[in-house]
Amino acid sequence: MNIATRDLSYRDLETPLTGLFCWNEAQEGPRPGILLIHGGAGLDAHAREQACRYAALGYGVLACDMFGDDIAGDRERVMACLLALRDDPGRLVRRGQAGLAALAGCPEVAGSAAAVGFCFGGLAALALARAGTNLAAAVSIHGSLATSAPAQPGAVTARVLACHGAADPHVPPADVAAFAAEMNHAGADWQLVMYGRAQHGFTHQHAVPGAMPGVAYDRLADERSFAAVRAFLADALAP
């Protein structure tokens, strides 16, 4: 399958951002869009690979840029940016919505859109849903489930799916329970799928075993979560 890509420049207020748009050139006509939100390392090889993976399902996918120029690759700048976005949900949502606006401007995309995020990106996708952003679906894959800005009753209009590793030490059971209570209180249409033995970052195929405590690739969790998200999006983004 020929997945085409192009860089896509856009802005969040004064911050210039550059994402990667992916689509199947052989597919005719516009298609639903996915905003794919990278993890803590920025728009890296993992995010680009996942964008192509989802584009192969028939979506127009923008692997967005949540950091801006000169951040990725510099650990101190990355950590400062991550903490600034995490601690300011309004700014995090605005940054994600800038990506959604850029996605909507792509001629290959029309109709409903979803946000799919990994690790930090999962936190961002859920933040968009919590804020009542106009999305058909929001998906968190091994993302943080905690928030300082919980969803209010009736606010979440997107369908929500969280794919979580049951052995993830970075997202403890208390956070999972609080997320469930929050979604129920908000009256959201939500699902949580837990994968036994899977740790944090279970879709990172090239993760070096033991390099980061609690982070490991898990082939079964990767394959099963992809199948779950594929079915979830097919339903949520159906014409």
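Q: Which residue in strand 4 is the bridge partner of I34?
A: Strands of a sheet pair through backbone hydrogen bonds, either parallel or antiparallel. In this predicted model, local features need pLDDT of at least 70 and side-chain atom pairs pLDDT 80 or more, while totals for chains, interfaces and linings use all residues. Residues are numbered from 1 along each chain as its sequence is written, and side-chain values use heavy atoms, with hydrogens and water left out. Here the partner of I34 is V61. Strand 3 (residues 31-37) and strand 4 (residues 60-63) pair in the parallel sense, over four bridges. Two strands count as paired if DSSP finds at least two bridges between them. Strands (E, at least two residues) and helices (H or I, at least four) are DSSP runs numbered from the N terminus.

Q: In what order do the eight strands form the open sheet?
A: The order is 1-2-4-3-5-6-7-8, with mixed pairing. Strand 1 (3-12) and strand 8 (190-195) stand at the edges with a single partner strand each, so one side of each has no neighbour in the sheet. From one strand to the next, the twist averages 20 degrees.

Q: Which strands does helix 3 touch as it packs on the sheet?
A: Contact means heavy atoms within 4.5 Å. Helix 3 (residues 89-104) touches strand 1, strand 2 (15-24), strand 3, strand 4 and strand 5 (109-118), and its direction makes about 130 degrees with that of strand 1. Helix 6 (residues 219-236) also packs on the sheet, touching strand 3, strand 5, strand 6 (137-141), strand 7 (159-165) and strand 8; its direction makes about 180 degrees with that of strand 7. Axes are lines fitted to C-alpha atoms, for helices over the stretch in contact, and angles run from 0 to 180 degrees between N-to-C directions.

Q: How many bridges join strand 7 to strand 8?
A: Six bridges join these parallel strands, and V160 has W190 in strand 8 as its bridge partner. Between strand 7 and strand 8 the chain passes through helix 5 (residues 173-186), a right-handed β-α-β crossover. Right-handed means that, with the strands pointing away from the viewer, the path from the first strand over the helix to the second runs clockwise.

Q: How many salt bridges does the count come to?
A: A salt bridge is a side-chain nitrogen of Lys or Arg within 4 Å of a carboxyl oxygen of Asp or Glu. The count is nine. R94 pairs with D12, the closest N and O atoms being 2.7 Å apart. R94 lies in helix 3 and D12 in strand 1, so the pair ties together parts 82 residues apart in sequence. D12, R94 and R95 are linked in a network of salt bridges. Another pair is R53 with D222, at 3.0 Å between the closest N and O atoms. R53 is in helix 1 (residues 45-55) and D222 in helix 6, so this pair joins parts 169 residues apart in sequence.

Q: Is D12 buried or exposed?
A: Buried means under 20% relative accessible area, exposed over 50%, and partly exposed in between (1.4 Å probe, protein chains only). D12 is buried at 3%, while R94 is partly exposed at 33%. In the other pair, D222 is buried at 5% and R53 is partly exposed at 26%.

Q: What is phi of D70 near?
A: Most residues other than glycine have a negative phi. Phi of D70 is near 65 degrees, a positive value. D70 lies in the loop between strand 4 and helix 2 (75-86) and is exposed at 61%. R197 has a positive phi near 70 degrees. R197 sits in the loop between strand 8 and helix 6 and is exposed at 69%.
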